[in-house]
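Keep the viewer open while you read.

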Amino acid sequence: MPKIKLTAADRKLMRSNANRITEIRARFTELAGVLSVEKRVMTSAELAEHQALAAELQTLQLRNTSIEAGEWK
C-alpha cells in the first residue's frame, strides 16, 4: 500500500507500469512454453529479448516502489 496519498498522475503511471509488467510476464510465460514444447534452449535473439525485458521489468518495479514511497519525481 502507498505510504502517501497518490496523485491522479501517479496512479495513472502506476497503472500503466503494472499493465506493462503484466505484458512482460505474459511474454516470459509464452517464451517458456515455446521452449518447453520445442524442447530447446533460447536462441541468441530470444536471450537478448529476455534480458531486455528483465531489465525493463526491474525498472518498472523500482519505479512503482518509488511512486508508492513518494520519492518519484
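Is Arg27 buried, partly exposed or exposed? At 23% relative accessibility, Arg27 counts as partly exposed, given that buried means under 20% relative accessible area, exposed over 50%, and partly exposed in between (1.4 Å probe, protein chains only).

## Before you start

This is a predicted model, where local features need pLDDT of at least 70 and side-chain atom pairs count only at pLDDT 80 or more, while totals for chains, interfaces and linings use all residues. Residues are numbered from 1 along each chain as its sequence is written, and side-chain values use heavy atoms, with hydrogens and water left out.

## A bridge from helix to helix

Side chains of opposite charge can pair when their charged atoms come close. A salt bridge here is a side-chain nitrogen of Lys or Arg within 4 Å of a carboxyl oxygen of Asp or Glu, and the count by that rule comes to six.

Arg27 takes part in one of them, with Glu49 as its partner (2.8 Å, N to O). This pair links distant parts of the chain, with Glu49 in helix 2 and Arg27 in helix 1, 22 residues apart. The helices are DSSP runs (H or I, at least four residues; strands would be E, at least two), numbered from the N terminus. Glu49 is partly exposed, at 28% relative accessibility.

Now look at Glu23 and Arg20, whose side chains meet in a salt bridge of 3.1 Å, N to O. Both sit in helix 1, three residues apart, about one turn of the helix. Glu23 counts as partly exposed because its relative accessibility is 46%, and Arg20 counts as partly exposed at 28%.

## The loop and its arginine

Arg40 lies in the loop between helix 1 and helix 2 (44-69). Its side chain forms a salt bridge with Glu46 (2.8 Å, N to O). Glu46 is buried, with a relative accessible area of 14%, whereas Arg40 is partly exposed at 29%. Elsewhere, salt bridges that share partners join Arg20, Glu23 and Glu56 into one network.

Who else does Arg40 touch, not counting residues up to four places away in sequence? Val34, Leu35 and Glu46 are the residues it touches, where contact means heavy atoms within 4.5 Å.

Arg25 is in helix 1 and counts as partly exposed, at 45% relative accessibility. Setting aside residues up to four places away in sequence, Arg25 touches Leu57 and Gln61. From Arg25 to Arg40 you go 15 residues in sequence and 20 Å in space, C-alpha to C-alpha.

Asn17, also placed in helix 1, is buried, with a relative accessible area of 3%. Leaving out its neighbours within four places in sequence, Asn17 is in contact with Leu60, Arg63, Asn64 and Ile67.

## A positive patch

Lys5, Arg11, Lys12 and Arg15 form a positive surface patch. Patches are made of residues with over 30% relative accessible area and no salt bridge, with like charges joined within 9 Å and nonpolar side chains (Val, Leu, Ile, Met, Phe, Trp, Tyr) within 5 Å. Lys5 sits in the segment before helix 1 (8-38), and at 76% relative accessibility, Lys5 counts as exposed.

Conventions:
Areas by Shrake-Rupley, 256 points an atom, 1.4 Å probe, with all protein chains shown as cover. Lys, Arg positive; Asp, Glu negative; His and termini not counted. Charge placed at Lys NZ, Arg CZ, Asp CG, Glu CD.
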